[in-house]
Amino acid sequence: MLKGKKIVLGITGSIAAYKSCLIIRELVKRGAEVQVVITPAGKEFITPITLSALTQKPVISDFFSQRDGTWHSHVALGLWADAMLIAPCTASTLGKMANGIADNMLITTYLSMKAPVFIAPAMDLDMYAHPTTQQNMERLKGFGNHIIEPQSGFLASGLEGKGRMEDPEKIVAALDMFFEKKDLLGKHIMITAGPTYEKIDPVRFIGNYSSGKMGFALAEECACRGAEVTLIAGPVNVQCTMNNVQRIDVESCQQMHDAAIENFPQMDAAILCAAVADFRPAEVAGQKIKRVGQTMDIHLVPNPDIAAELGRMKRADQVMVGFALETNDEQQNAQHKLEKKNLDFIVLNSLRNEGTCFKSDENQVSIISRDAKHDYEKKPKADVARDIIDELAARL
Ligand code: CTP
């Protein structure tokens, strides 16, 4: 679960500094964003150019940028990060961290850090075994830092291999484990996603611009957190590769309705994210309709309201989440839908927020429940999904 996580990677002056390239590669591969902060001694072992090429970000090492004198804020970094990893961490840096000796950018960043800190020590065995180093590490653990080191070796002293930095993949795996949230383990969640197509004739339909991206992001977030997901998808061009997502492809509202009604009783929660057509042609022409006359009328009849029907079936132990896409009187309309469809909360999307909603990779929403309203910033749909699922998980 490092996807989207912001990691400050501190690099210090150890021969193991070259391995930080492997750490960055692994973090980036898992979807993390990495900002390197390097000590002056660290730069003797690895060049900032290599590091910035891997992270796609300038490396921070001084309080001021040497080019334009811009001030680097360690406080801002402390707020930005989801975690700080110091790898390799020398005995000297350990000592400074344990005692608050803030004489370089890495230590000031550490002291301002609001996120959890992970330390991978790297030094020779004598330095590692010295009581000063041992004491500093104990102190840092006492402050809530996480020390990542190889498991103890096989010699009687138990120190064999100690001091050596843990393997890059194992360091990243330790971070990954920390972030892995399995709060939905054992839960069954049904999600409707995408548009519906309502057939007019064999080649035409009534549809809408929904891409399904939001629904799929929700499915992925639930699956990552351990849930078994039933994803009922209208015609979309997105994929979901997680094996605890069972996908049911449908086209029309009626098909989506049938699949939802059949599956809902087995679910702990349902998220109705699909943009469902409210009406469908009364009749579907068996053959392609020809161009005749100056105008053409299609008579429409109402489709079932899937959310409202599920709302009526809902048991006390089930949670239901709806979406509302509005262009005006947003809050009032959303509140009305919350009541009408017996939802536990509703996610409000406003078409007034530019660059959100349909087709976009970003979204800006408000979450409205019976007793609260929370407005979120515009963010990638994966992050919006996390906010929504946090709200859902709290009710399960
Ligand atoms: N919904 C549904 N079945 C429908 C219509 C809507 O399940 N036939 C669900 C949507 O997935 C969403 C919620 O109901 O979670 C609100 O959808 P929306 O289209 O905004 O609401 P409508 O009830 O159709 O109201 P209106 O179109 O009048 O705004």
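**Helix H10**

I began with helix H10, residues 253–263, in which Cys-253, Met-256, His-257, Ala-259, Ala-260 and Asn-263 are buried, where buried stands for under 20% relative accessible area, exposed for over 50% and partly exposed for the range in between, with a 1.4 Å probe and protein chains only. This is a predicted model, in which local features need pLDDT of at least 70 and side-chain atom pairs count only at pLDDT 80 or more, whereas totals for chains, interfaces and linings use all residues. Residues are numbered from 1 along each chain as its sequence is written, and side-chain values use heavy atoms, with hydrogens and water left out.

I then looked up what covers the buried residues of H10, and the list includes E6, E7, E9, strand E10 (245–249) and helix H11 (306–313). These element names follow DSSP runs numbered from the N terminus, with helices (H or I) of at least four residues and strands (E) of at least two.

**Nonpolar cores**

Which residues touch the most other members of the largest nonpolar core? Leu-218 and Ile-271 do, in a core of 36 residues; a nonpolar core is a set of buried Ala, Val, Leu, Ile, Met, Phe, Trp, Tyr and Cys residues joined through side-chain atoms within 4.5 Å. The elements that give two or more residues to this core are strands E6 (188–193), E9 (228–233), E11 (269–272), E14 (319–326), E15 (345–350) and E17 (365–369), together with helices H9 (213–224) and H13 (381–393). H9 supplies the largest share, seven residues.

For Leu-218 I listed the contacts, not counting residues up to four places away in sequence, and found Ile-191, Ile-271, Cys-273, Phe-323, Ala-385, Ile-388 and Ile-389; contact means heavy atoms within 4.5 Å. Apart from this core lies another, of 29 residues, among them Leu-51, Ala-120, Ile-148 and Leu-175.

**Helices H1 and H2**

I looked next at helix H1 (residues 20–29) and helix H2 (residues 48–55), whose axes come within 10 Å and cross at roughly 10 degrees. H1 is therefore roughly parallel to H2, on a scale where angles under 35 degrees count as roughly parallel, over 145 as roughly antiparallel, 65 to 115 as roughly perpendicular and the rest as oblique. The axes are lines fitted to C-alpha atoms, for helices over the stretch in contact, and the angles run from 0 to 180 degrees between N-to-C directions.

On the H1 side, Ser-20, Cys-21, Ile-24 and Val-28 meet Thr-50, Leu-51, Leu-54 and Thr-55 of H2. By class, this contact has five nonpolar, three polar and no charged residues, with Ala, Val, Leu, Ile, Met, Phe, Trp, Tyr, Cys and Pro counted as nonpolar, Asp, Glu, Lys and Arg as charged, and the others, Gly among them, as polar.

**Two buried residues**

Gly-194 sits in the loop between E6 and strand E7 (198–201), and it counts as buried because its relative accessibility is 2%. Leaving aside neighbours within four places in sequence, Gly-194 is in contact with Ser-210, Gly-212, Val-236, Ala-274 and Ala-275.

Thr-109 belongs to helix H5 (residues 105–112) and, at 0% relative accessibility, counts as buried. With neighbours within four places in sequence left aside, its contacts are Val-8, Val-37, His-74, Leu-77 and Met-84.

**Aromatic pairs**

How many aromatic pairs does the structure hold? I noted three, where rings of Phe, Tyr and Trp (its six-membered ring) pair if their centres lie within 6.5 Å, and planes under 30 degrees apart count as stacked, over 60 as edge-to-face and the rest as tilted. Phe-178 and Phe-179 form an edge-to-face pair, 5.4 Å centre to centre with 90 degrees between the planes. The rings of Tyr-197 and Phe-205 are stacked, because their centres are 3.7 Å apart and their planes are at 10 degrees. Phe-118, Phe-178 and Phe-179 form one aromatic cluster.

**Backbone geometry**

Most residues other than glycine have a negative phi, and most peptide bonds are trans. The peptide bond from Ala-87 to Pro-88 is cis, with omega near 0 degrees, and Pro-88 is found in strand E3 (residues 83–89). Gln-56, not a glycine, has a positive phi of about 65 degrees; Gln-56 lies in the loop between H2 and helix H3 (74–80) and, at 69% relative accessibility, counts as exposed. Asp-329, also not a glycine, has a positive phi of about 40 degrees; Asp-329 lies in the loop between E14 and helix H12 (330–340) and counts as partly exposed at 46% relative accessibility.
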